[in-house]
Amino acid sequence: MGWVLLVALVGAAPAEAEQMVRIAVGRFRSAMSIAGPGLSVETGDGTRLHPHGPLVLAPTKRGILVGGKPVDTDLLRIRSTGDLTLRGHTYRRELEVSHRSFRGRAELLVVHPLPLETYVVGIVSSELPHKWPLEALKAQAVAARTYAVWQKYRRLELPYHMESTVLDQVYHGKQRESDLARTAAEQTRGIVMTHARRPVQAYFHAACGGRTESARAGWGNALPYLPGSPCRKCNAAPRYKWSADVSADDMTKAMGHVLGERVTDVVVVTRTKTGRVAKVKVAGPGKSRTITGGDLRRLVGYTKLWSTQIDSIQKTRAGFHFVGRGAGHGVGMCQWGARGFAEAGTPYDKILENYYPGAVLTRMY
Ligand SMILES: [Zn+2]
């Protein structure tokens, strides 16, 4: 992979400066509490509050209750001299709580601002086992950093840049950080993948099952650096091959809104170039509907059908028997494949080159 040093990404701050990212770590419709040593609470206009005892916050239609008392603000900045805990997770020093209305109901949105490199350590720790080879963790660190920077500039107008769930990247807070993840972040500090001087959409997934999916087939938008890549390195993945039995009742229930009658048949109609199910026909006694492979997975369950790489669907006496390969959406870096490459001695830049061909490693700071 070629190197380009120091491009100021999409009008970013001075290239030396480390970036901050803002992670949505929780949404609350009822009371919740935040604890930590030396708590200080500031409202959006800078007024200091002095709550006594543990900090209990709750949303009302009009605003935020602090310790049961209404406060005239829709934003609180909570700082600690150490770590903050919220719902069993640990965060460094600062959380922001904002009041908002979501689908007509008041809620408190909790956002954790943190330096990008700290975030990368957290993501690598959450996404990959800490005993995996370092080069795989370094590839994951670059992918996670790149994804974060891409999301940040897409969502500059929102109160946060990232969810802390599989919707974006899984972030569990400070307590999960591993030493090897820290090393992986340090050894790739500031490095992101770019294409045409912009951060790439660095998707990744657990295991591709032999070949990654193109962005065009997977997401419906073609990206030059995500054409789908050979992998053949993820066969140690627990779900390299999988099977699932779905009863006729469960299938009927899953397809309730789609078909509205008992499901008697599920047939693959078309496949993508990599063999993933593109369209599938779901039929009953009276009618049939064609849905996407992604919808089939979503409706039956992501942890039942581990991927859309479904090699066969058989009708059984009880329902349907699925046999498939890989886990996850299949686009971008295959994590188990990265592990396989690293175990074979492949350095992280070559691993990334396999999954994001044409992307360039770029040092942001
Ligand atoms: Zn793979």
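What covers the buried residues of H8?

**Before selecting anything**

This is a predicted model, in which local features need pLDDT of at least 70 and side-chain atom pairs count only at pLDDT 80 or more, while totals for chains, interfaces and linings use all residues. Residues are numbered from 1 along each chain as its sequence is written.

Colour the model by pLDDT, which is the predictor's confidence in each residue, from 0 to 100. The protein averages a pLDDT of 91, and 94% of the residues score at least 70. Residues 1-15 have a pLDDT below 50, and this stretch has 23 contacts in the model beyond near neighbours in sequence; two residues are in contact if their C-beta atoms, placed from the backbone, lie within 7 Å. Where pLDDT is low, the predicted coordinates should not be read in detail.

**Domains**

Next, select the domains, whose bounds come from an automatic or database domain assignment: domain 1 covers 21-114, domain 2 covers 117-234 + 329-363, and domain 3 covers 241-325. The centres of domain 1 and domain 2, taken over C-alpha atoms, are separated by 31 Å, and their contact takes 14 residues from domain 1 and 15 residues from domain 2. On the side of domain 1 that touches domain 2, the elements giving two or more residues are strand E2 (20-28), strand E10 (89-102) and strand E11 (105-115). Helices (H or I, at least four residues) and strands (E, at least two) are DSSP runs, numbered from the N terminus.

Stay with E10 and E11 and pick Arg-103, which lies in the loop between them. The phi of Arg-103 is near 50 degrees, a positive value in a residue other than glycine, and Arg-103 counts as exposed because it has 5 C-beta neighbours inside 10 Å. A residue is buried if 20 or more other C-beta atoms lie within 10 Å of its own, exposed if 12 or fewer, and partly exposed in between, with C-beta atoms placed from the backbone.

**Helices H7 and H8**

Now select helix H8 (residues 348-355), where 6 of the 8 residues are buried, so that the helix is largely enclosed by the rest of the structure. The buried residues in H8 are Tyr-348, Ile-351, Leu-352, Glu-353, Asn-354 and Tyr-355. Their cover includes helix H2 (134-154), strand E13 (191-195), strand E22 (333-334) and helix H7 (335-343).

Move on to H7, which is mostly covered, with 8 of its 9 residues buried; among them are Trp-336, Arg-339 and Phe-341. The cover over the buried residues of H7 includes helix H1 (116-127), H2, strand E15 (204-205), E22 and H8. After H7, look for Gly-345, whose phi is positive, near 90 degrees.

From E13, follow the chain to Arg-197, in the loop between E13 and strand E14 (198-199). Arg-197 has a phi near 65 degrees, again a positive value in a residue other than glycine, and counts as exposed with 12 C-beta neighbours inside 10 Å.

**The sheet E16-E21-E20**

Show the open sheet of 3 strands in the order E16-E21-E20, with antiparallel pairing; two strands pair if DSSP finds at least two bridges between them. Strand E16 (241-247) and strand E20 (310-315) stand at the edges with a single partner strand each, so one side of each is left without a neighbour in the sheet. E20 and strand E21 (residues 319-325) pair in the antiparallel sense over 5 bridges, and Gln-314 has His-321 in E21 as its bridge partner.

On E16, select Ser-243, which touches His-321, Phe-322 and Val-323, not counting residues up to four places away in sequence. The C-alpha atoms of Ser-243 and Val-323 are separated by 4.3 Å, although the two residues are 80 residues apart along the chain. Ser-243 counts as exposed, with 12 C-beta neighbours inside 10 Å.

**The sheet E17-E18-E19**

The last stop is an open sheet of 3 strands in the order E17-E18-E19, also with antiparallel pairing. Its edge strands, strand E17 (265-271) and strand E19 (288-292), each pair on one side only. E17 and strand E18 (residues 277-283) pair in the antiparallel sense over 6 bridges; Val-268 has Val-280 in E18 as its bridge partner, and Val-267 stands opposite Lys-281 in E18. Finish at the hairpin of E17 and E18, which has 5 residues between the strands and where Gly-275 takes a positive phi near 95 degrees.
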